[in-house]
Amino acid sequence: MIKCFVTGDNHFGKPYNGNLSAIKDQLTEARFMSLEKMVDKANEERCDLFIVTGDLFEKSNAGYIGNDTIKKVCDILGRFSNTVLVLPGNHDYLNETSTVWPEFNRCITNKENIIVLDKFEAKSLGTINGSKVVIYPAHCQSEHSDTNNLDWIKNADISNDDTINLGIAHGTLDGLSCDNEGVYFKMTRDELLGIEGIDAWFIGHAHVTYPKELTEDTYSDSYRIFNPGTHQQIHIGNGTDGYGFIVEIEKENGRSVVRAKKFKSGIIRFREITISVHPDSEDSLKNALNAALAPLMPDKENTVIRVTVTGSVKKSEYRDFDSIYNAAVEGFIAPYSPDISGLTEEITEARIDEEFGENSFISEFLKSFINDPDYSPSENAIKLSMAYQLINGIRNKKQG
């Protein structure tokens, strides 16, 4: 049996611009800390291989990445006690113009345990724990391609005895990430599983974990294709906290058993919070914010949040929104301004009459939502707010 730690899409050298520029140093350092965390876990688990499935770096240009960053990555990988396999991806592709890999190779001159999978040929790792191990890599030679690089593996003479054969490829796995135009080395599950003799596939490109059903506590033997996703969440909407996989492969009499579990490697997490608030009390906004953020409080110093607030609140809370919000998010990493475009001051009967005229059609129409017996007060507040904003939008458009 052999044991592998699998990661990918690490994107070292990634810049953080826009809203995240203020915390770019913290986010950059977290990426290194997450890599260290994975290497330490792989050593603790006594893994035989540490596999990077592509896009270790953000670009193929060493000047863009920075030599210090490349060296730091090399040094961290060099702490792994056994063999490290690194596949060039579509961001850090390998061709005659690439400069990141010559610099990387210079840094690993004295680190014989690190191997760059830079050829379309089988790579024998000799015997590990009594089993012969052969790697079948499909690296990227450009950023885009409408074909994947699996053909050479399909045509390879793959021994199906007790040799453990591992496929490592970079590209879109159908349905896992968006590639409508088919320009990111697209692969299908049937295509991968149809290559006889490959015992497990380790894939990079999508920044989400696949299979997502894997847990951190127990091994599953239901899968043979693994896409770990990025090791440290990159931005809002990334869809993962950052994971790696620990995969065991056992083979006897030509039959293999693959068992896998995931490892949470991410340090900084990104969360989008949407809150719908109703003017039930003078503290509705405060209570709604605190309730929504409570599950994140234990690790708030490592949590980037973006908050959207909709609905309506009483006049006092609407006026004091900034102070209430700042108190609620204190201690969180909050580079994004809250979105309150859908938040209004409480719409009362007096306010409606003042704005639209007492006994006017619009006034009576809006007030009909306030005490509709068929709905709860919260539901009435939502409907009233929607109707009010719609009418106000039409009125403002006409006035404009």
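Which backbone oxygen lies 2.7 Å from a polar atom of the side chain of N149? It is the backbone oxygen of H139, a polar contact in the sense of a pair of N or O atoms within 3.5 Å, where within protein one atom must be able to donate a hydrogen and the other to accept it, and where residues adjacent in sequence count only if both atoms are side-chain atoms. The structure is a predicted model, in which local features need pLDDT of at least 70 and side-chain atom pairs count only at pLDDT 80 or more, while totals for chains, interfaces and linings use all residues. Residues are numbered from 1 along each chain as its sequence is written, and side-chain values use heavy atoms, with hydrogens and water left out.

**The six-stranded sheet**

- An open sheet of 6 strands runs in the order β4-β3-β2-β1-β10-β11 with mixed pairing; strands (E, at least two residues) and helices (H or I, at least four residues) are DSSP runs numbered from the N terminus, and two strands pair if DSSP finds at least two bridges between them.
- The edges of this sheet are held by β4 (114-116) and β11 (255-264), and because each has a single partner strand, one side of each is left without a neighbour in the sheet.
- Neighbouring strands of this sheet are turned by 20° against each other on average, direction ignored, where axes are lines fitted to C-alpha atoms, for helices over the stretch in contact, and angles run from 0 to 180 degrees between N-to-C directions.
- Strand β1 (residues 2-7) pairs with β2 in the parallel sense over 4 bridges, and C4 stands opposite L49 in β2.
- On pairing with strand β3 (residues 83-86), β2 again runs in the parallel sense, over 4 bridges, and I51 has L85 of β3 as its bridge partner.
- In a regular strand the side chains alternate between the two faces of the sheet. In β2 (residues 49-52), L49 and I51 point one way and F50 and V52 the other way, and all are buried, that is, under 20% relative accessible area, against over 50% for exposed and values in between for partly exposed (1.4 Å probe, protein chains only).

**Helices packed with strands**

- β1, helix α1 (residues 24-44) and β2 make a right-handed β-α-β unit, meaning that, with the strands pointing away from the viewer, the path from the first strand over the helix to the second runs clockwise.
- Helix α4 (residues 100-107) lies across β3 and β4 and runs at about 160° to β4.
- In helix α10 (residues 349-356), the residues R351, I352, D353 and F356 are buried, and the buried residues of α10 pack against β14 (339-345), α11 (361-367) and α12 (377-399), with contact meaning heavy atoms within 4.5 Å.
- G357 follows α10 and has a positive phi, near 90°.

**The five-stranded sheet**

- A sheet of 5 strands, also open and mixed in its pairing, has the order β5-β6-β7-β8-β9, and its edge strands are β5 (123-128) and β9 (225-226), each of which pairs on one side only.
- Within this sheet, strand β6 (residues 131-138) and strand β7 (residues 164-170) pair in the parallel sense over 6 bridges, with I135 standing opposite L166 in β7.

**Loop residues and their surroundings**

- N149 is found in the loop between β6 and α5 (151-154), and, not counting residues up to four places away in sequence, N149 touches F120, A138, H139, C140 and F185.
- M187, in the loop between β7 and α6 (189-193), counts as buried at 1% relative accessibility.
- The C-alpha atoms of M187 and T147 are separated by 8.5 Å, although these residues are 40 residues apart along the chain.
- Beyond residues up to four places away in sequence, M187 touches several others, including N148, L150, A169, L192 and I203.
- Q232 lies in the loop between β9 and β10 (243-252) and is buried, with a relative accessible area of 1%.
- The side chain of Q232 reaches the backbone nitrogen of I267 at 2.6 Å, and among the residues that Q232 touches, not counting those up to four places away in sequence, are A30, R31, S34 and G242.

**Cysteines**

- The count comes to 0 disulfides under the rule that a disulfide is a pair of cysteine sulfur atoms within 2.5 Å.
- The sulfur of C47 is 7.4 Å from the closest cysteine sulfur, in C4, which is too far for a bond; C47 counts as buried at 0% relative accessibility.
- For C107 the closest cysteine sulfur is that of C74, at 4.3 Å and likewise too far for a bond, and C107 counts as buried at 14% relative accessibility.
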